[in-house]
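Here are my notes on this model, point by point. Have the structure open while you read.

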Amino acid sequence: TMIKSMTAYGQGEVEAQGQKWVVELRSLNHRFLELYLNLPKRLWALEDRIRKLMKSRISRGRVEMQLTWEPLGDKPQTLRLDPVLVGEVAVILNELMSAGHVQEHLRLDHFLRFADIIVTREGETQLGLEGAWEAVAQAVAQALEVLEEMRRAEGAALGADLAGHLEMIRGEMARIASQAALLPKLWRDRVTARLAELLQEPIPVEEARLAQEVALLAERRDVSEELAR
């Protein structure tokens, strides 16, 4: 079975209708499949399609997706502000600070985290939802290919590392097994020497009883189960 790393990164780029679409994917280890998609508000309708596409290629892990795009060429774009959305953002931020008892004034950088408050007329008129889906789907597919290749490469390196550790463990197991085979004689010699020391004079030792004691010691200190594990 091929080992695949759960930690990987993939990026896909597609140029379509005067724009470059960039999809970045980052996967992390997770027992189940969790997808986190960072999409602009005007592309929320594509979320289910993107999720289905990603689920067809990925079965588990935490996968984060970031979608960005930029115009091609030097033609300037006309920007406009969405005042309604700006007002809603201000209300939410104030409520958030109030709920968290945060003593801070709203700053411009707070609003700039909400990319949808600034939109382009050119982007709205030239690229519809289906056109966006075609470009995004291609970029996601490319990013998934790169992600999968990185997972395979990282997994192969991990497999080689594990194989090296396994070979070292096998060597240690062989050494331990060879040493364990010598233990009964060692314990017999120790028991005999200890008896002679306690009795202070040589007396005949009952071989059957000595063999029984050595067998008990061998059973208590048997490492065969640990080696099997």
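1. Is E70 buried or exposed, or partly exposed? E70 is partly exposed, at 41% relative accessible area (buried is under 20%, exposed over 50%, partly exposed in between; 1.4 Å probe, protein chains only). Its salt-bridge partner K20 sits at 3.4 Å, N to O, and K20 is buried, at 19%. A salt bridge here is a side-chain nitrogen of Lys or Arg within 4 Å of a carboxyl oxygen of Asp or Glu. The pair joins strand β4 to strand β2, 50 residues apart.

2. A word on the ground rules: this is a predicted model, with local features needing pLDDT of at least 70 and side-chain atom pairs pLDDT 80 or more, while totals for chains, interfaces and linings use all residues. Numbering runs from 1 along each chain as its sequence is written, and side-chain values use heavy atoms, without hydrogens or water.

3. Confidence (pLDDT, from 0 to 100 per residue) averages 77 over the chain, and 66% of the residues score at least 70. Where pLDDT is low, the predicted coordinates should not be read in detail.

4. R26, R62 and E64 form a network of them, with E64 and R62 meeting at 3.0 Å, N to O.

Note on methods. pLDDT is the predictor's confidence in each residue, from 0 to 100. Helices (H or I, at least four residues) and strands (E, at least two) are DSSP runs, numbered from the N terminus.
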